[in-house]
Amino acid sequence: MKGFEKLAKLCRRNGGRNGALRAGALPLQEEGKGLCRLGMEQMRSLSLQPGAVVAIDGPRRTVGVAVLREGSEEAERGIVQIDPILRGNAGIGLGEKVSLSKIVAGVARRLTLTPIPSAWVPRGQQERRELLRQVEGRPLLVGDRVRITVAGKRRDFLVAQTEPDGPVVVSGSTELRVEADRDRESGSRGISYEDVGGLHREMQRVREMVELPLRHPELFERFGIGAPKGILLHGPPGSGKTLIARTVAAMTKASFFPVSGPEILDKHYGEAEARLRRIFEEAEKKAPSIIFFDEIDALAPKRETVVGEMEKRVVGQLLSLMDGLRARGQVVVLGATNLPNLLDPALRRPGRFDREIMIGIPDRNGRLEILRIHSRRMPLAEDVELEELADLTHGYLGADLELLCREAAMASLREFLALGSNDGAGTVTGEGSREEVTRAHFLEALRQVEPSALREVMAEVPDVHWGDIGGLDDVKRELQEALAWPLLHAQLFKHAGAKPAKGILLHGPPGTGKTLLAKAAATESKANFIGIKGPALISKWVGESERGVREIFRRARGAAPCIVFLDEIDALAPSRGASGDSRVMERVVGALLTELDGMEELRGVVVLGATNRIDIIDPALLRPGRFDLIIPLMLPDLRERREILKVHLRGKPVASDIDLEALAAQTEGCSGAQIEAVCLKGTMLAIREYLEANGEATVDPVFRDYRLRMAHLEEAVHFVSRSRPFVVAPGEVSAISPPP
């Protein structure tokens, strides 16, 4: 593999010698404008002025507009930033050698464009005027592809004819024609490397393995090594595996043969193997070519696990085609799967799939780049901050972020149509609504779009904040420091050499707020949240419970930062040896201990446990390194009971005679849940009294006489103390008895 890396470095250096230029990426927001950005020294060496028309020579000639770029390291390295559409027109890739020269272009009297696909043509003069406005000032050549936004959608056009011939610049007086030509071969897939966000490292590795053998086969002969033959892309669904394959095929101009694994299989004997052979034969005839097997696990599963003979024959045929006695020339095989461990091991050896590339969940910068790609054509309001959205979308894949942008746009569209009116000519005009996507639309979309990696296990967290919890100030501060600080001050933690807590255990009597604290911690930390009830993981099938524990932590690692909340953890991890003859619980405890502090480090995942029976939890789980913080929650004191009463009476129409100090004193020994029950019962007593006094048929619609009074709450205290006596759980340190 080192030989491939040396070749890649050699090709990246190619074009950097003797003052030659190399093609670089243009900023995303300038895509489709036909620009070439050069540094001041580059402009001077080519005798160019900003706005000059330049010829871009690669395998094909195209034209663009030279504009000045501020001084940077890229300019010193001989890189010129070129619009990806222009790079495609010139037939050059990123990092490849490019030649620029100054030319003189005439003014276009007539311009004929062919839409790609040809099934679409502009409707009405308004769309035609908009199309002409966007191409005005651009230099064009026959055969160039032009990307324009019409009616809110990106449209690609092919320059079919210009008058006069040769390079021309479009002006406002140019006669524009748009003609569909169904017989014309578009030859363009309309995709570039700039359309793939957050996967720069993975894309670079794929390009090294695919572009080098197809573009520079002579280098492999010079180095005396064989070209790589295959790449396996694996990762969760929606991470961009198929997009990478399509992009590389489009940018290398190679023949592309997409193959879906299940469509190869056939009930007739030998037909599936024959289809595979025909695909490889066709690829060899049209080389250089790329064969892309999507969902390859369905085509080549492990032979020792499949029952049918046909599947085994198909696997054997694929193995021989990929690395058999016959050389296949300039044919590269790409495979994609989200279940790599189900593939036959013989397929994953070097010589067949030379490199396996994991396409993971994008980090914060990757999410920001993906959001910019999918929102670049959207009319964003000034209050939309993509950096904030990137911070809020932990665990979101590329497909999730694309759906998020689409749902936000749909929310804006629904609002626009609801407030709009039809002018009679088929055009909707907004009244009191602007055609833009706001921050509120994105927040609405966030509530609807869940990250794919957590769709099966992610819990929907209610909107609970620290202010909704009365008292427990010390506990809230501990949770903020353990959960929020490592996310907000990651660099400080790294500088201080401090490791975040792996686990936090909340224990205390029932009703003291353990689950409520977990909900607030998930909301305030803005991390992904997986809520697991201990008994829900227990299964009667051997190995299923342990597999459930492993699967939860695997998904949590992929969606980090993530909080895994284990409610009633005593049911999941009781002391080993105390669960009778069955060893199921002991295996579950072992799996949980290994996940918390085993060979595989738990990064970006915090386990939050809650129990009211800490005495029966396995002692190995309570040591530092697993549950680093063990926080006891006791019954609230006088001040905390007053704060809890404030929280639960907030927003209620209360009378002036309510004395919180007296109520707090009367509820001594009550838990937070019991105090909530007191407020609820008092409200019901007030409603009963109001209906009895006013009669159900003559209720005032504004409820002027309704008030929650002190007498209602005092009666509720006595009712709750009789019906819900507080019982201290075994193992808890509390000697407070319920009120008499």
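Author: E568 is found in the loop that connects β23 (562–567) to α20 (584–596). Here helices are DSSP runs of H or I with at least four residues, strands are runs of E with at least two, and both are numbered from the N terminus. Although E568 is not a glycine, its phi is positive, at about 50°. Its relative accessibility is 36%, so E568 counts as partly exposed; buried means under 20% relative accessible area, exposed means over 50%, and partly exposed covers what lies in between, with a 1.4 Å probe and protein chains only.

The model is predicted, so local features need pLDDT of at least 70 and side-chain atom pairs count only at pLDDT 80 or more, whereas totals for chains, interfaces and linings use all residues. Residues are numbered from 1 along each chain as its sequence is written, and side-chain values use heavy atoms, with hydrogens and water left out.

A positive phi is also found at S47, again not a glycine, with a value of about 55°. S47 sits in the loop between α2 (40–45) and β3 (53–57). With a relative accessible area of 54%, S47 is exposed. Another backbone feature is the cis peptide bond between E163 and P164, where omega is about 10°. P164 belongs to the loop running between β11 (153–163) and β12 (168–169).

E31, in the loop between β1 (21–25) and β2 (35–38), is buried, at 4% relative accessibility. Neighbours within four places in sequence aside, E31 is in contact with D83, P84, I85, R147, R154, D195, R376 and R377, where contact means heavy atoms within 4.5 Å.

T438 is located in the loop between β20 (428–430) and α15 (439–448). A relative accessible area of 18% makes T438 buried. Residues up to four places away in sequence not counted, T438 touches A381, D383 and V384. E385 lies in the loop between α12 (364–375) and α13 (386–392), and counts as partly exposed at 47% relative accessibility. Its C-alpha atom is separated by 7.6 Å from that of R439, which is 54 residues away along the chain.

The helix pairs come next. Two packed helices are described by the angle between their axes and the distance between the axes. The axes are lines fitted to C-alpha atoms, for helices over the stretch in contact, with angles running from 0 to 180 degrees between N-to-C directions. The axes of α21 (residues 638–649) and α23 (residues 672–694) are 10 Å apart, and the helices pack at an angle of about 45°. This angle makes α21 oblique to α23; under 35 degrees counts as roughly parallel, over 145 as roughly antiparallel, 65 to 115 as roughly perpendicular, and the rest as oblique. R641, I644, L645, H648 and L649 of α21 meet G672, I675, E676 and C679 of α23. These residues divide into five nonpolar, two polar and two charged; Ala, Val, Leu, Ile, Met, Phe, Trp, Tyr, Cys and Pro count as nonpolar, Asp, Glu, Lys and Arg as charged, and the others, Gly among them, as polar.

For α10 (residues 271–285) and α11 (residues 309–322), the axes come within 9 Å and cross at roughly 20°. This makes α10 roughly parallel to α11. Their crossing is right-handed. On α10 the contact involves A272, E273, L276, R277 and F280, and on α11 it involves R313, V314, Q317, L318, L321 and M322. Seven of the residues in this contact are nonpolar, one is polar and three are charged.

Taken as a whole, the chain contains 24 helices and 25 strands. It has 740 residues, of which 48% count as buried. Among contacts between residues at least 6 apart in sequence, 78% join residues at least 24 apart. The chain exposes about 36,500 Å², of which carbon and sulfur atoms supply 52%; such areas come from the Shrake-Rupley method with a 1.4 Å probe, and for residues only the protein chains shown count as cover.

Notes: Left-handed = near helix turned anticlockwise from the far one by under 90°.
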